[in-house]
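Work through the exercises below with the sequence and the model open. Try each task before reading its solution.

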Amino acid sequence: MLINTIEELRNALTRQEQEAAFMEERLKRDHDDLQKRYQASELRYNELVTQVPESTRPLLRQIEAMQRHRWRSSEGRRWDRGGGARIQRRLTSRRIGLFVRWGGRGLRDGAAP
C-alpha cells in the first residue's frame with residue numbers, strides 16, 4: 001500500500017513537471033511573439049514620428065494665417081478691446097505648442113512649422 005502511494009505520487013509529480021515544462025515553453029513562445037510585435041510597433045512609431053512634422057506643417061501654417069487674418073479683421077480688434085483676443089491668441093498658441101510638442105516631435109529641433 002505504501003509502495004502504491006509512492007508510485008502514484010511519483011506519477012503525479014512527473015505529470016506536473018511535464019505540464020510545467022509545456023507551460024514554460026508556451027510562455028516563452030508568447031514572450032518571443034510579444035517581443036517581435038513590440039519591436040515592430042517601435043519601428044512603426046519611429047516612422048510616424050518622423051512623418052508627423054512633415055504632414056502638420058501645412059496645417060500649422062494655415063492655423064497661423066487664420067489667426068493673423070482674424071487679428072487684422074475689425075472683429076478681432078473690437079473683441080480685443082475687452083482683452084478676449086489676447087487671451088484667445090495665448091490659448092491657441094499654447095494648443096499649437098502642445099500639438100507640436102506631442103504630435104510633431106521633430107519641430108522642436110528648431111525647424112519652422
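Helices are DSSP runs of H or I with at least four residues, strands are runs of E with at least two, and both are numbered from the N terminus. The model is predicted: local features need pLDDT of at least 70, side-chain atom pairs count only at pLDDT 80 or more, and totals for chains, interfaces and linings use all residues. Residues are numbered from 1 along each chain as its sequence is written, and side-chain values use heavy atoms, leaving out hydrogens and water.

**Exercise 1. Describe the fold and surface of the protein chain.**

Step 1. Count the elements. The protein chain has three helices and zero strands. Their order from the N terminus is α-α-α.

Step 2. Check burial. Buried means under 20% relative accessible area, exposed means over 50%, and partly exposed lies in between (1.4 Å probe, protein chains only). Of the 113 residues in the protein chain, 12% are buried.

Step 3. Look at contacts (heavy atoms within 4.5 Å). Take those between residues at least 6 apart in sequence: 62% of them join residues at least 24 apart.

Step 4. Read the surface. Areas come from the Shrake-Rupley method with a 1.4 Å probe; for residues, only the protein chains shown count as cover. The protein chain exposes about 9,700 Å², with 55% supplied by carbon and sulfur atoms.

**Exercise 2. Find the salt bridges and place their partners.**

Step 1. Set the rule. A side-chain nitrogen of Lys or Arg must lie within 4 Å of a carboxyl oxygen of Asp or Glu. Side chains of opposite charge can pair when their charged atoms come close.

Step 2. Count. The rule gives two salt bridges.

Step 3. Take glutamate 24 and lysine 28. Their closest N and O atoms are 3.7 Å apart. The two residues are four apart in helix 1 (residues 2-72), so about one helical turn separates them. Glutamate 24 is partly exposed at 45% relative accessibility. Lysine 28 is also partly exposed, at 45%.

Step 4. Take arginine 44 and glutamate 47. Here the closest N and O atoms are 3.6 Å apart. Both residues lie in helix 1, three residues apart, about one turn of the helix. Arginine 44 is partly exposed at 44% relative accessibility. Glutamate 47 is partly exposed at 41%.

**Exercise 3. Where does aspartate 32 lie, and is it buried or partly exposed?**

Step 1. Locate the residue. Aspartate 32 is in helix 1.

Step 2. Read its accessibility. With a relative accessible area of 44%, aspartate 32 is partly exposed.
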